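Thanks for coming, everyone. I'll take you through one structure, piece by piece. Have a look at it first.

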Amino acid sequence: MTTHPPAQLQRGSHRARAPQDGQLRTAQLGPLALETGGELPEVELAFETWGELNSDASNAVLVLHALTGSTHVARGATGEEGWWDTLVGPGRTVDTDEYFVVSGNMLGGCYGSTGPASPAPDGRPWGSRFPFITIRDSVRAEALLADQLGVRSWHSVLGGSMGGARALEWALLYPERVRRCAVIACTAASSAEQIAFAQAQVQAIRLDPAYRGGDYYGGPPPSSGLGLARRIAHITYRSEPELHARFGRSEQGDEQVLGAVLPAERGRYRVESYLDHQAAKLAGRFDANSYVVLTEALMSHDAARGRGSLSEALAGASADFFVAAVDTDRLYVPEQSRQLAAALPGTVPVHLIHSVMGHDAFLTEILQLDGALRAAFFGRAQ
Ligand SMILES: CC(=O)SCCNC(=O)CCNC(=O)[C@H](O)C(C)(C)COP(=O)(O)OP(=O)(O)OC[C@H]1O[C@@H](n2cnc3c(N)ncnc32)[C@H](O)[C@@H]1OP(=O)(O)O
Ligand SMILES: N[C@@H](CCO)C(=O)O
């Protein structure tokens, strides 16, 4: 679901797109020491860029994706739709005629960065041997990517959901490298309930017999477990009023129920069909091990870990902050964004996105963020 900005949001004439705009590339980062010990040898990080770094390297913007997102934030040379097209592109608020936009695939992911499906030093996929990684590990890898791209300090780092956790960690691990930081639909730390929902998803995957402890490459993938994980997650990404208004109690009725585990005497509710579709769609595009690794990394998210109280931890950040929440988000509830904002240095308001959608509104209602982000971060001065 993509919305396009109204004509008044589009400005001026645009430069020709650089051939590398929106093209998936890979940086070789070498070994990476991990927060909980050990190291990953020969880390690769997938990334895309749009626009050009200016002569004093002051115009770089980092955009960080959510749990199952990719680096394809905006259209590029191929014209393929990006997940934040509304916000990022020529003439848009994050104007790629003006800013050098970078997006990195999370360490452990399955869209090009080193992850469980990548070959370990012995040539076989890491599988069950892939180490536990944290949000901070991925941010350290992203900092090595920034070094390679010649970006000493970011004009801004923007992220929603898991991307927001990475954005916040950027501001804390590298305060001198982040001038502005947007934490959207995310908290200072994963809460007990967020960990609980995440654990149920991880268990759904691990209990799929096809998972084989994580060493399923070369055989059938644990699609049932991954699909169940997505069902659990997707319910938390949407609100009760949205599901009620869209599906109510109606039956799907217009299809065969292929392979569904249902009593013969009933058909399928539309909402079940919808969740089945979401499950199959994710199972078709995502690696179950990566889902586990990224979910466990998000469970570990805690800005205060090893840094004292939350206020003490956040006092180390020197960026200007932008915090936003979705009013109907039942996973990353607005109150948690208020607690984050209150603990940040200075006075940081919480921008509320109004939507029936729930958590996913940070992806689907981006027009609402547009003006607020433009006012906060994307005036002329860099
Ligand atoms: C490499 C990559 O592809 S990464 C892609 C980028 N992805 C990300 O960044 C992750 C974040 N993105 C997302 O999570 C999602 O895409 C969102 C939140 C932006 C939008 O969610 P969507 O699933 O597209 O929206 P929505 O809830 O309206 O679902 C629409 C889908 O449900 C299907 N659907 C709707 N009702 C029903 C039903 N009763 N029965 C079955 N299917 C149904 C629609 O046909 C549609 O299918 P499609 O996506 O295959 O076209
Ligand atoms: N729909 C998003 C939500 C996670 O924040 C995703 O799949 O990444």
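**Sheet, helix pair, ligand shells**

Let's start with two strands. Strand β3, residues 60-64, is joined to strand β6, residues 100-104, by 5 bridges, and the two run parallel. Within that pairing, Ala60 stands opposite Phe100 of β6. Keep in mind throughout that this is a predicted model.

Now the whole sheet. How many strands form it, and in what order? There are 8, in an open sheet, and the order is β1-β2-β6-β3-β7-β8-β9-β10. The pairing is mixed. At the edges sit β1, residues 25-33, and β10, residues 350-353; each of these pairs on one side only. On average, neighbouring strands are turned by 25° against each other, with direction ignored.

Next, α2 and its partner. Helix α1 covers residues 135-149, and helix α2 covers residues 162-173. Their axes come within 9 Å and cross at roughly 70°. An angle from 65 to 115 degrees counts as roughly perpendicular, so α1 and α2 are roughly perpendicular to each other. The crossing is right-handed.

Which residues make the contact? From α1, they are Ile135, Arg136, Ser138 and Val139. From α2, they are Ala165, Arg166, Glu169, Trp170 and Leu173. By class, this contact has 5 nonpolar residues, 1 polar and 3 charged.

On to the ligands. Ligand 1 has 18 residues around it. Which come nearest? Gly69, Ser70, Ser273, His277 and Leu363 do. Two elements give two or more residues to this shell: α6 (270-285) and α10 (361-364). Helix α6 has the largest share, with 6 residues. Sorted by class, the shell of ligand 1 holds 6 nonpolar, 8 polar and 4 charged residues.

Then ligand 2. What surrounds it? The list is Ala66, Leu67, Thr68, Gly69, Ser161, Tyr237 and Asp360. That shell divides into 3 nonpolar, 3 polar and 1 charged.

To recap. We have an open, mixed sheet of 8 strands. Over to you for discussion.

Terms used. Residues numbered from 1 in each chain as written. Chains lettered and ligands numbered in written order. Predicted model: local features only at pLDDT ≥ 70, side-chain atom pairs only at ≥ 80, totals over all residues. Axes fitted to C-alpha atoms, helices over the stretch in contact; angles between N-to-C directions. Helix = DSSP H or I, 4+ residues; strand = E, 2+ residues; numbered from the N terminus. Parallel < 35°, antiparallel > 145°, perpendicular 65-115°, else oblique. Left-handed = near helix turned anticlockwise from the far one by under 90°. Contact = placed C-beta atoms within 7 Å. Nonpolar A, V, L, I, M, F, W, Y, C, P; charged D, E, K, R; others polar. Pairing = 2+ DSSP bridges. Near = placed C-beta within 6 Å.
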